[in-house]
Amino acid sequence: MRLALLVTMIVAILAGVAGTSAPRAQVTADSAFVIHAATMLDGRGGSTRNAYVVVRGGRIERVATSPVSVPDARVIELGSATLLPGIIDAHVHPGWYVDRNGKRNSQDSGDSPVQAVLARAGNLYATLMAGVTTIQSVGGGGLQDIDLRDAVARGWIPGPRILTSITQIGRAHMSMSADSLRISVRELKAHGADIIKLIASSESALLSEASFSDEQLSAICGEAKAQGMRSLVHAISAQSVRAATLAGCTQIEHGRFATDAELRLMAERGTIFDPQVCLVFQNYIDNAGAYNFTDSSLADYKARMAAASEAFGRAIRTPGLKIVFGTDAVALAHGRNAEELVCRVKSGQSPMEAIVSATSAGAAVLGLGDKIGTIAAGYDADLIAVDGDPSRDIAAMRRVVFVMRSGRQYR
Ligand SMILES: [Zn+2]
């Protein structure tokens, strides 16, 4: 209780100092707003001039193109800004932060539990203020993720809605039997995990065997499915991408060395692809000191960024391949999520496709397609506005001027 109170107080102080406006009062069932913007992108590829969005009790009540009068509503005038659904980032590590020694946190950080929680709450705050209203936390958060997820949901701290895998099924599970792996999946579900994350090939095993056998992969992804959960697979090599796809896993993360054959196979099987183009690599390059990277590892990250951009270009040209937006934001990248959208467009995706992948298409992948990611009546009021029109110039996504999540205004 004391810890939660302290976190809430400090985050509130941070919000007051850093933001143009502190978090608003708790939204009640009948809190109403009329939000007007010169342009609205609905998240499904549609663009409307002069939109009026009526929000009540955390939900979008209606969308109009001429002025509306709602007697009890507060009017939010966004002028020439563009209104769009909050961004959904399918791959984030809010548990990664810079510790008291200025290094990426680890077992040796020596941070107190309070420091660790505050750092994570700070990451969530930065992410929300950058216009990201939903994230999937896919490893590194541990059971703290559950408390953070619930604290955000209760409105105790500002942050994006969180879906979490709690941990990653990886090296420590490599020697386990198929049955034991199934039990591990069920245990994660019992602890409150929303999704399952597993490592099918590590960086050091780029071109070698996938880390798990086909039987193990089928056990993990099959059990996840049986439990009503999605499975997200860290797979770098072509072979691991293929194995995870054939094992029926839901989504492939990274996949830099997937050839056209694997991309076509994924499209055929309905396997979702979550590639990263730049943010995670550039962040390592920009913050080499915090990560103890050497000159040779920096050269490697530059090479990885080039390979990732090339793979992304092939992925968007693969017919029927579903591509979701996930940044792999780690320590010092939280709040810079929009950079990945800018890079995706530089790598050949149209701005509107990039926006749709991060809104309605992302919501559908998360199983929340009827709740978030679209501006339409009945959807949660997860709304952001940016200075400029990102469907013409994606760099406008860097200039977030308004953030509302579940009908509560944070920026
Ligand atoms: Zn990751």
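**Exercise 1: a sheet and its helix**

Helix α3 (residues 144-153) lies across β7 and β8 and runs at about 155° to β8. The model is predicted: local features need pLDDT of at least 70, side-chain atom pairs count only at pLDDT 80 or more, and totals for chains, interfaces and linings use all residues. Residues are numbered from 1 along each chain as its sequence is written. Helices (H or I, at least four residues) and strands (E, at least two) are DSSP runs, numbered from the N terminus.

Task: state the strand order of the open sheet and its edge strands.

Step 1. The open sheet has three strands in the order β6-β7-β8, with parallel pairing; two strands pair if DSSP finds at least two bridges between them.

Step 2. β6 (87-92) and β8 (161-164) are the edge strands, as each pairs on one side only.

Step 3. β6 pairs with β7 (residues 132-137) in the parallel sense over four bridges, and I88 stands opposite T134 in β7.

**Exercise 2: two helices**

Task: determine how the axes of α8 and α10 are oriented to each other.

Step 1. The axes of α8 (residues 279-286) and α10 (residues 295-316) come within 9 Å and cross at roughly 160°. Axes are lines fitted to C-alpha atoms, for helices over the stretch in contact, and angles run from 0 to 180 degrees between N-to-C directions.

Step 2. α8 and α10 are therefore roughly antiparallel, a term for angles over 145 degrees.

Conventions: Parallel < 35°, antiparallel > 145°, perpendicular 65-115°, else oblique. Contact = placed C-beta atoms within 7 Å.
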